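Thanks for coming. Please look at the sequence and the structure on the screen, and I will go through a few parts of it.

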Amino acid sequence: MSTASDWLHSLPALASLDAEVFDLLAKAATKVDVKAGTVLFRPGDACSSFLIVLTGSVRVQLLSEAGREIVLYRVGTGSTCVLTTSCLIGNEGYGAEGIAETAVSAVALPKDSFDRLITCSTAFRDFVFHSFGARLTDLMKLVSEVAFGRIDCRLAEALVSHAPQGGPIALTHQALAVELGTAREVISRHLKDFQRRGLVDLGRGHLEVRNVSGLRDLAASP
């Protein structure tokens, strides 16, 4: 049966840890497995562990008082959650919700061990803050896009990312709205316009990309 140590050896980002620090990490960490749809944390929850995702995807999203949702980012293989890191360092509760989009395997490191490794290991600290910085950059990009970006361009980019070769997309209008931080009605209106322009094909419970190059051109437009 595989252990946390076995999985940690598969992460290139941890290859620079010296043997003593790696041994401490492996002994303190435990491997966890959750099913798709599992809620990993909610706003206000205390943060007790630092998680490194081994396989699968975790969606971190924010829900407004009015019921609007927006996907902040996703945590994939070999990555960590910037919100978790922030909560551990600041001793604060979560401010968003984390859901396993797929079955997820991860390594969980208790807070006391996380604090000790952050203090004693430059390599571990670099690993944590490199991931933190990269995710923070993604969040700043999202804020800029939501505040200043054209929704038609962002929708076109999202469609291409989900179907880079064209074809069906297994997402509802509501799911796209959550991903882009807007209302379902806005997404539906733009998709109908895209259909009129021959970019997509719509039907009941059906969304298919027909013109990838056209969507790419729209996504890149100023």
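Arg154 is found in helix H6, which covers residues 151-162. Helices here are DSSP runs of H or I with at least four residues, strands are runs of E with at least two, and both are numbered from the N terminus. Before I go on, this is a predicted model, where local features need pLDDT of at least 70, side-chain atom pairs count only at pLDDT 80 or more, and totals for chains, interfaces and linings use all residues. Residues are numbered from 1 along each chain as its sequence is written, and side-chain values use heavy atoms, with hydrogens and water left out.

Is Arg154 buried or exposed? Its relative accessibility is 9%, so Arg154 counts as buried. Buried means under 20% relative accessible area, exposed means over 50%, and partly exposed is in between, with a 1.4 Å probe and protein chains only. Leaving out residues up to four places away in sequence, Arg154 touches Leu142, Glu145, Val146, Gly149 and Leu180. Contact means heavy atoms within 4.5 Å.

Leu142 and Glu145 come up again in the largest pocket. There, 16 residues form the lining, and those nearest the centre are Leu72, Arg74, Leu142, Glu145 and Glu179. The space in this pocket is about 470 Å³. At least two lining residues come from each of strand S5 (69-75), H5, helix H6 and helix H7 (173-180).

Helix H7 also holds Ala175. Ala175 has 27% relative accessibility, so it counts as partly exposed.

How many cavities of 30 Å³ or more are there? The count is one, and the largest cavity has about 60 Å³ of space. Its lining includes Leu40, Phe41, Leu51 and Val53. Strand S2 (39-41) and S3 are the elements that give two or more residues to that lining. For both terms, the search uses a 1 Å grid over the protein atoms alone: a cavity is a set of points where a 1.4 Å probe fits but cannot get out, a pocket is an open set with protein on both sides within 12 Å along at least five of seven lines, and lining residues have an atom within 4 Å of a point. Grid points are joined across faces, edges and corners, and a volume is the space filled by probe spheres set on the points.

Next, helix H4, residues 111-120, has the buried residues Ser113, Phe114, Leu117 and Ile118. Down the axis of H4 they fall within an arc of 135°, so they line one face of the helix; the arc is that of the directions from the helix axis to the C-beta atoms. An α-helix has 3.6 residues a turn, so residues three or four places apart point the same way. On the face of H4 turned away from the buried side are the exposed residues Asp112 and Thr119. The cover over the buried residues of H4 includes helix H2 (19-28), strand S3 (49-55) and strand S7 (104-110).

S3 and S7 belong to an open sheet of three strands, in the order S1-S7-S3, with antiparallel pairing. Its edge strands are S1 (30-34) and S3, each pairing on one side only. Two strands pair if DSSP finds at least two bridges between them. S1 and S7 are joined by five bridges, and Asp33 has Ser105 in S7 as its bridge partner.

Another open sheet of three strands has the order S8-S10-S9, also with antiparallel pairing. Pro168 has Glu208 in S10 as its bridge partner.
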